[in-house]
Amino acid sequence: MSVIPRKRLVELSAQEISRYSRHLLLPEVSIEGQKRLKAAKVLIVGVGGLGSPLALYLAAAGVGTIGLVDYDVVEESNLQRQIIHGTKDVGRPKTASARDCIRGLNPNVDVIAHNTNLTSQNALDILHNYDVVVDGTDNYQTRYLVNDACVLLQIPNVYGSIFQFEGQATVFNAENGPCYRCLYPAPPPPGLVPSCAEGGVVGVLPGIVGCIQACETIKLIVGGGAGLSGRLLLFDAWRMKFRELKLEKDPECPICGEHPTIEELIDYEQFCGLRQDEEPVDNITAVDLKKRLDQGDELQLIDVREMHERAVFSFEGAKPIPFGQIAQRTAELNPSVEAVFICKVGKRSAHAIRVLREAGYTGKMLNLQDGTNAWARDVDTSLPQY
Amino acid sequence: MAVTILIPTALRVFAGVQAEVTVEGDTAGRAIEAFADKFPDIRQHLFDENNALRSFVNVYIGEKNIKTVNGLDTPVRDGDALMLVPAIAGGTGAI
Ligand SMILES: [Zn+2]
């Protein structure tokens, strides 16, 4: 049942035996389970919100080899949830910062830093050395890439993902169980579902979901227990509710089904629609908008941000119509007056223009390029960028 | 037949920021259709151009995915709850 074959087990030193005594006292783990942990090689893809608690707990548990894949550097706004990094690490590669932290916690762990983006070119080379892959990615193209590579290499994929207050976790591709494509055959087109950058995330949420992933990883290595394969765990931190849904293997799945059509890694940016140009909208820069307002042009300003964002600061003279209500409230716009749509970074506002166009709105529409962040940067520097 | 639609955070802004909404319908498809009629902004997130359920949204009745029953034609009973379970991904700066 363990993903580590018996022949790979290695002896524990006396120092290790005392260090891991609380594991050795559990009959489910015992000395053999601890030897499996020491022999295990686990790859963590993404050393962010999910990867932070994962890496820390797996290191503390005595996983012998931990690989880390990430190409990002630590940013200040990461520190609210990415607890493996500290204030002094801002600006450093996440893999380097995480490696130092793991070494401080448990010098027995061999850390392999892959300071790179995972791509179709390098994924199989990187993944094939590992017994378990843990998906802590925050984007669809890497998630499908990790899924497909794990199916092709037959490595279990411990999955977690988060949004605002909600999380999902399961184990894909274990014991002939379902994969991510069985659940979601294709990702949302870019721009359709808001991401954490605008949606926000409560910092402790990836901590909880990441710990669930760490627990599943340890069970795969030690063997035994009831794993999450075939069950999708949903967690709502705000209501503090766990739910469990059945997850079945799709016989039609293009990669793990009965007649797979995907036999090698594909172009995931294309698959996720990132190479497709979205229908263009007319942009106006913050500086030009300011000029036009100063010269008294008749414009209707539409702020599509949410109420809690307007609480950070409201855009003077703008009518608030949140992004999610645009189609319903089209009648509040006057098609004979030029409209300028405003959001935080200029993406939701562009999408609002496309929604209105599709709904048959005939008035002229402009998109405030780079949103209120550009306005705060280039026009009114007393306002915050957030 | 009154059916409750359970709405996850990711889709709530398109449904008047509500966590659940009650609609009428005797199949999963008709209940979701009624939901989308009530909140036009959510339609594009649930249905594609051919009115098929989008591939990044699953619908569960109890712990069963309607995909594994009879899809949008899956019958629903009075008092059933339909849970929308969309794909989620946190942290990207994509939008
Ligand atoms: Zn599959």
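Which side chain meets that of Asp288(A) in a salt bridge? The partner is Lys291(A), at 3.6 Å from N to O, where a salt bridge is a side-chain nitrogen of Lys or Arg within 4 Å of a carboxyl oxygen of Asp or Glu. Read on for the setting of this pair and for the two chains around it.

## Ground rules

This is a predicted model, in which local features need pLDDT of at least 70 and side-chain atom pairs count only at pLDDT 80 or more, while totals for chains, interfaces and linings use all residues. Residues are numbered from 1 along each chain as its sequence is written, chains are lettered from A and ligands numbered from 1 in the order in which they are written, and side-chain values use heavy atoms, with hydrogens and water left out.

## Chain A at a glance

Chain A has 15 helices and 13 strands; these are DSSP runs numbered from the N terminus, with helices being H or I of at least four residues and strands E of at least two. Its C-alpha atoms fill a box of roughly 80 × 50 × 40 Å along the principal axes. Of the 386 residues of chain A, 54% count as buried. Here buried means under 20% relative accessible area, exposed means over 50%, and partly exposed lies in between (1.4 Å probe, protein chains only).

## The eight-stranded sheet of chain A

In chain A, eight strands make an open sheet with the order 3-2-1-4-5-6-7-8 and mixed pairing; two strands pair if DSSP finds at least two bridges between them. Strand 3 (110-114) and strand 8 (241-246) of chain A each have a single partner strand, so one side of each is left without a neighbour in the sheet. From one strand to the next, the twist averages 15 degrees. Within the sheet, strand 6 (residues 166-172) and strand 7 (residues 231-236) of chain A run antiparallel and are joined by four bridges, with Ala169(A) opposite Leu233(A).

Helix 10 (residues 204-222) of chain A lies across strands 1, 4, 5, 6, 7 and 8 of chain A, at about 170 degrees to strand 5. Such axes are lines fitted to C-alpha atoms, for helices over the stretch in contact, and angles run from 0 to 180 degrees between N-to-C directions. Helix 10 is also one of the elements against which the buried residues of helix 3 of chain A pack, alongside helix 2 (21-24), strand 1 and helix 4 (51-61). The buried residues of helix 3 (residues 30-39) include Gly33(A), Leu37(A) and Ala39(A).

## Salt bridges and cysteines

Back to the opening pair: Asp288(A) and Lys291(A) both lie in helix 12 (residues 286-294) of chain A, three residues apart, about one turn of the helix. An α-helix has 3.6 residues a turn, so residues three or four places apart point the same way. Asp288(A) is partly exposed, at 35% relative accessible area. Elsewhere in chain A, Arg239(A) and Asp236(A) form a salt bridge at 3.3 Å, N to O; Arg239(A) is partly exposed at 43%, whereas Asp236(A) is buried at 11%. Over all chains, the count comes to 29 salt bridges.

The structure holds zero disulfides over all chains, a disulfide being a pair of cysteine sulfur atoms within 2.5 Å. For Cys150(A), the closest cysteine sulfur is that of Cys179(A), 10 Å away and too far for a bond. Cys150(A) is buried, with a relative accessible area of 0%, and Cys179(A) is buried, also with 0%.

Chain B has an open sheet of five strands in the order 2-1-5-3-4, with mixed pairing. Strand 2 (20-24) and strand 4 (64-65) of chain B stand at the edges, each with a single partner strand. Helix 2 (residues 28-38) of chain B packs on this sheet, touching strands 1, 2, 3 and 5 of chain B, and its direction makes about 115 degrees with that of strand 2.

The contact between the chains takes 37 residues from chain B and 49 residues from chain A. About 3,800 Å² is buried between them, of which carbon and sulfur atoms give 57%; buried area is the accessible area (1.4 Å probe) that two parts lose on being put together, summed over both. Three salt bridges are counted between chain B and chain A. Lys64(B) and Glu248(A) meet in a salt bridge at 3.1 Å, N to O.

Terms used: Contact means heavy atoms within 4.5 Å.
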